[in-house]
Amino acid sequence: MNDFVKPTVEYAQLLPLLIVFGVACLGVLVEAFLPRSQRYATQVLLTVVGLVAALVAAVTLATRLDDLGDGTARGQLAVMDALAIDGPTVFLWILVLGLGIGGALLFAERRLEGGLTAFAGQASTVPGSESERRASAQGLEHTEVYPLLLLAIGGMMLFPAANDLIMMFVALEVLSLPLYLMTGLARRRRLLSQEAALKYFLLGAFSTGFFVYGMALVYGFAGSFDFASINEAVASGDGNSALLAIGLALLSVGVLFKVGAAPFQAWTPDVYQGAPTPLTAFMSAGTKVAAFGAMARLLYVAFGVARWSWEPMIWAVAILSMLVGALLAIVQSDVKRMLAYSAVAHTGFILTGILGVQSAAELSAGQITSLQAVLFYLTSYGITSLGAFAVVGLVRDASGEANALSRWAGLGKESPIVAGVFALFLLAMAGIPLTSGFVGKWTVFAAALSAGAWPVVVIAVGASLIAAFFYVRVIYLMYFSDPIGDGPAVTHPSILTAGTIAVAAAFTVLLGVVPGPVLDLAGRAGEFIR
């Protein structure tokens, strides 16, 4: 009979996670015990302070990670090897927390909606009913979105740190459920918002079923959920290869759905369009960062020795995502749907970087690694996407946000600063030199080329040229087209939104002009540990 082994928890290593989940629980208590009039200020302050504290803890943790082996990896396993607190994990934590602070500030914006936030006053009321009008007249708003945001951020931090399939599944659900709920809480166009939430939930639940079934098959192959044990079972070659191939394919469906890769992207345009724009801004950035971090760990650590089983699949999905995203974005007449299909194309570009994985022996001195390239791309795209959607929320008409592209005609004359900043974000997404997007694409293309995936890189360059068309079309519309009617109206935001946009724009330029520091940080993060 085996002796009971007392579980150990490395609290110091988990401090950023514990702060985020702890503050989320405090936010729930605020909703329970504080009067409605005091909740907004308390929740905003609690959320921002909690995220800043977690960010400081993550930065401090990054400086204290121990080198392992020959210095190619840093960190340690925690909570009975269920979590890997290594360099890439902490890098992604810092990025998610930074994006989370920006998202919280956008959530707190009140000036754009006449003194109210972008979230519904009373979610339980029927859209268009007298109860809804009464709730709007009373100035009600859902401050529960702040603890929900923190729970989603906590799940996003847990997802790339998961070192076994059970923990990965738990993290996937923790990050997804708050997003499903908040998607349906838009103050304007509530039917569209609720439809988007229902689609997101149903398709998300369906993809989760694939993930769980894949877990069962991989367990049948390896006899363990632990990534290191799965890797050993794959290396030994003793198991049933059919179980391995089918299980990996089903696991990949669950993760590829979360990153919005084709052919699992159907939810992306509807959710991006229907969700409250502050949520879209955060979700478009944070979800991709977390899901790609988890995907890289799953493929590199658990199935690294079985590249033959997943590389053809990633080749196909990357090519399909780039082409579907770029081609369908051209025909969109709604700016949020256009950016959604742009996100699908960027998913393909990041998958191109995933294909650049090589062993240490295959890398030359100073060569950018696949993981380093993916981390930099996630940083550059996440910041740019957050800023772009924040700008979208500023262009409005009598019914709320003016998302129809035709309403953006002449914006350069109406508000040169807003149009200029949005043009900067679009040029970065297009990969124009001196922007973060150019360096991001160069790094993932270089990593893929060095690994021999040149056909994917050729198609990626072609998709980038196609995507440049619809980005430039919007810029042309803003600066060289006559406005329709009275032209677009820009609502001046508070310092919360203006500051978020300004910081995003500054980083977009800095990462394009001086990418070295962030590339070095991504390189020093090292490889995943087992």
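1. Two strands pair if DSSP finds at least two bridges between them. Helices (H or I, at least four residues) and strands (E, at least two) are DSSP runs, numbered from the N terminus. With those terms, S1 and S2 form a hairpin with four residues between them. Gly-69, in the turn, has a positive phi of about 60°.

2. A word on the basis of this note. This is a predicted model: local features need pLDDT of at least 70, side-chain atom pairs count only at pLDDT 80 or more, and totals for chains, interfaces and linings use all residues. Residues are numbered from 1 along each chain as its sequence is written, and side-chain values use heavy atoms, with hydrogens and water left out.

3. The overall build. The protein has 20 helices and six strands. Its radius of gyration is 22 Å, close to the 24 Å that the globule rule gives for 530 residues, so the protein is as compact as a globular protein of that length. That radius is taken over C-alpha atoms, and the rule is 2.2 Å times the number of residues to the power 0.38. Along the principal axes, the C-alpha atoms fill a box of roughly 70 × 55 × 40 Å.

4. Of the 530 residues, 59% are buried. Buried means under 20% relative accessible area, exposed over 50%, and partly exposed in between (1.4 Å probe, protein chains only). A contact means heavy atoms within 4.5 Å. Among contacts with a separation of 6 or more, 80% are between residues 24 or more positions apart.

5. Strand S1 (residues 67-68) and strand S2 (residues 73-78) run antiparallel, joined by two bridges. Asp-67 stands opposite Arg-74 in S2.

6. S2 has another partner. Four bridges join S2 to strand S3 (residues 83-86), and this pair also runs antiparallel. Gln-76 has Ile-85 in S3 as its bridge partner. S2 and S3 form a hairpin too, with four residues between them.

7. Val-79 is partly exposed, with a relative accessible area of 21%.

8. Strand S4 (residues 395-397) pairs with S6 over two bridges. Val-395 stands opposite Val-490 in S6.

9. Ser-380: buried or exposed? Ser-380 counts as buried, at 3% relative accessibility. Ser-380 is found in helix H14 (residues 370-392). Ser-380 touches Ser-436, Gly-440 and Leu-511, not counting residues up to four places away in sequence.

10. Two loops deserve a look. A cis peptide bond joins Ala-262 and Pro-263, with omega about 5°. Pro-263 is in the loop between helix H9 (241-259) and helix H10 (267-274). Arg-189 is in the loop between helix H6 (165-183) and helix H7 (190-222). Phi of Arg-189 is near 50°, a positive value in a residue other than glycine. At 40% relative accessibility, Arg-189 is partly exposed.
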